[in-house]
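Subject: Structure handover

Hello,

Here is the structure for you to look over. My notes on what was found follow below it.

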Amino acid sequence: MNRKNNREYRLQLLLSQSTDFITADELAKHLNTSKKTVYRLIKQINDASTEGTVIESAKGRGYRLNHEKYILQQRDVQSDNGDITPANRQEKVMEELLLASPKALKIRQLYNDFYVGDSTIANDEKIIYERLKNYNLKLTRKNRTLQITGDEPSIRKAIVELTQTLNFVDIEDLQSTTNTDFNYYDVSLVSEQISTIEKTLGERVPYPYNVNLFSHLYILISRVKQGMVDSKNSTLTSEEKRRMSNEPRVAKIAEKTIYNIGLYLHKQLPEVEKYYLFQYLISSRLPDLSGETPNFSKIVKDVANYYLSEVGHRLHLATNGTTIFLDLANHVKPMLNRLKNDIRVKNVLLEQIKLSYQTIFDVVTEVSAEVSKKYRLPYINSDENGFITLYFARMSEVHQLPIRTLVMCTTGIGTSELLKTKLQKHFPELDIVDVINTREYQQYLKKYPETELIITTVGLKDKLSVTSLLVSAMLNLDDQARIQRAIEEIRHEK
């Protein structure tokens with residue numbers, strides 16, 4: 001979490017988005033820092049790497065990420081505990097307390113590996129206390145012990161959202177790992193239950209819902225083993241029974257899964273656990289096995305159409321069509337259930353999404369605030385906004401109109417035709433409306449007033465009203481990289 005927030009991580013993430021060199025000036029601008037700081041960060045990253053030079057440099061061109069070494073370095077970072085920062089320490093202490101809640105733990109044992117004094121511990125307590133308030137949980141200190149108290153659903157929610165142990169991406173990787181943070185038999189049982197659910201559905205539960213489901217079931221088993229799950233006062237309310245009766249297929253899956261976990265634990269689990277799992281399932285994007293066109297509720301239709309209308313209008317995207325609506329509505333339906341049930345799905349790609357699609361993310365965030373107010377919904381968090389951003393990013397890349405382009409050389413024949421062929425091969429998003437020569441380009445601009453880009457092998461002295469790009473007739477890799485950047489800039493300005 002903290003690594004993602006530091007400048008070294010942001011610098012590498014920024015470089016990872018490009019295959020071309022980026023100058024120190026550009027990097028400093030994106031990171032909102034000085035060139036001197038950029039140089040220092042690059043040196044720190046390369047000096048700390050065990051894989052060699054991660055960030056390469058070329059005089060006059062700037063810096064570029066060595067993607068293979070970057071990937072290897074990321075694996076090393078994930079498997080290396082490294083130095084413990086104050087935030088890491090606080091998270092580890094909070095995780096132990098949450099997993100043991102409501103049991104009190106001795107402060108000496110909690111901080112045994114950190115070698116810090118009483119003032120540091122007191123400061124950690126204040127920070128943890130404030131973070132837990134968001135979950136209606138309380139941190140108390142008594143007789144040199146610390147304890148987290150609150151209702152069971154809140155404790156589990158905090159465990160899922162705040163603990164780093166469960167912050168993984170690939171469940172299949174987890175099954176083969178030797179990570180001692182997980183109980184091998186519990187992992188196998190939960191993985192088996194998810195496989196059974198997928199067989200019943202006839203389709204895999206997609207990421208990140210499968211991770212969220214895994215976390216919920218794994219935490220349930222852990223809490224039962226610790227004796228923290230009480231069967232008393234855990235029968236379903238009439239409203240909870242009604243909700244489950246409205247979704248009989250999902251309710252049956254929840255009941256069967258909880259029964260199987262009970263057999264594994266040699267204990268009959270409280271009835272309310274069926275409802276907790278039911279909430280997670282209806283908050284996930286599960287396949288519809290009916291074979292019919294989904295029958296969405298009015299609120300789902302209204303929210304999906306509002307996003308399509310407002311985001312589409314502000315980004316100048318064509319968002320009409322049944323397929324586009326169905327795709328987004330199928331996401332909105334479980335999202336509304338997540339908001340209603342106060343379930344948060346982690347979006348581990350959030351930083352990359354924000355960096356790659358900042359404009360779209362900002363517009364989606366703006367529209368989400370309007371959706372919450374207009375339809376009286378809970379606050380739509382950044383993780384959800386990141387997921388929605390990907391839908392519109394895909395629309396942007398698939399549904400945008402091609403860029404009207406003129407290709408120009410000295411004579412307008414031969415070399416231009418070769419260049420045109422190369423451009424059509426590498427850049428299908430370009431609509432090459434004509435091949436022209438330098439003597440006639442002004443009249444062709446009048447003939448094709450909607451021209452957005454001129455690609456030329458000859459330097460032009462006149463300042464044009466459209467973007468022009470000087471390239472070599474052979475269209476080398478550098479030319480291609482510059483054309484790609486020009487395309488992105490034109491798209492951004494639309």
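First, a term needed for the sheet: two strands pair if DSSP finds at least two bridges between them. Keep in mind that this is a predicted model.

**The sheet**

In E5, Leu146 is the bridge partner of Leu105. That bridge belongs to the pairing of E3 with strand E5 (residues 145-149), which is antiparallel and has 2 bridges. E4 also runs antiparallel to E5, and 5 bridges join them. Here Leu139 has Ile148 of E5 as its bridge partner. The hairpin of E4 and E5 has 2 residues between the strands. In that hairpin, Asn143 takes a positive phi near 50°.

Put together, the 3 strands make an open sheet in the order E3-E5-E4, with antiparallel pairing. Which strands stand at the edges? They are E3 (105-106) and E4 (138-142). Each has a single partner strand, so one side of each is left without a neighbour in the sheet.

Two helices to check against the sheet come next. Helix H6 (residues 86-100) packs on the sheet and touches E3, E4 and E5. The direction of H6 makes about 60° with that of E5. Helix H8 (residues 118-133) packs on the sheet too, touching E4 and E5. Its direction makes about 150° with that of E4.

**Gln90**

Gln90 lies in helix H6. Is Gln90 buried or exposed? Its relative accessibility is 9%, and the cut-off for buried is under 20%, so Gln90 counts as buried. Leaving aside neighbours within four places in sequence, Gln90 is in contact with Asp124, Ile127 and Ile128.

**Helix H9**

H9 covers residues 152-162. Of its 11 residues, 10 are buried, so H9 is largely enclosed by the rest of the structure. Among the buried ones are Glu152, Arg156, Lys157 and Glu161. Ile155, Ile159, Val160 and Leu162 are also buried. What covers the buried residues of H9 includes H6, H8, H12 and H15.

**The cores**

A general point first: in soluble globular proteins, nonpolar side chains tend to be buried together.

The largest nonpolar core here has 37 residues. Which of them touch the most other members? They are Val190, Leu213, Ile261, Leu269, Leu277, Phe278 and Leu281. Helix H11 (184-201), helix H12 (209-225), helix H14 (248-265) and helix H15 (272-282) each supply at least two residues of this core. H12 gives the most, with 8 residues.

Setting aside neighbours within four places in sequence, Leu213 is in contact with Ile194, Ile197, Leu277 and Leu281.

There is also a second, separate core of 31 residues. Its members include Ile324, Val332, Ile380 and Phe392.

**Helices H2 and H3**

Last, a helix pair. The axes of helix H2 (residues 7-16) and helix H3 (residues 24-31) come within 11 Å. How do H2 and H3 lie to each other, oblique or parallel? Their axes cross at roughly 120°, and H2 and H3 are therefore oblique to each other. The crossing is right-handed. On the H2 side, Arg10, Leu11, Leu14 and Leu15 make the contact. On the H3 side, Leu27, His30 and Leu31 do.

Best wishes

How values were computed:
Residues are numbered from 1 along each chain as its sequence is written. This is a predicted model: local features need pLDDT of at least 70, side-chain atom pairs count only at pLDDT 80 or more; totals for chains, interfaces and linings use all residues. Side-chain values use heavy atoms; hydrogens and water are left out. Helices (H or I, at least four residues) and strands (E, at least two) are DSSP runs, numbered from the N terminus. Contact means heavy atoms within 4.5 Å. Axes are lines fitted to C-alpha atoms, for helices over the stretch in contact, and angles run from 0 to 180 degrees between N-to-C directions. Buried means under 20% relative accessible area, exposed over 50%, partly exposed in between (1.4 Å probe, protein chains only). A nonpolar core is a set of buried Ala, Val, Leu, Ile, Met, Phe, Trp, Tyr and Cys residues joined through side-chain atoms within 4.5 Å. Angles under 35 degrees count as roughly parallel, over 145 as roughly antiparallel, 65 to 115 as roughly perpendicular and the rest as oblique. A crossing is left-handed if the near helix is turned anticlockwise from the far one by less than a right angle, and right-handed if clockwise.
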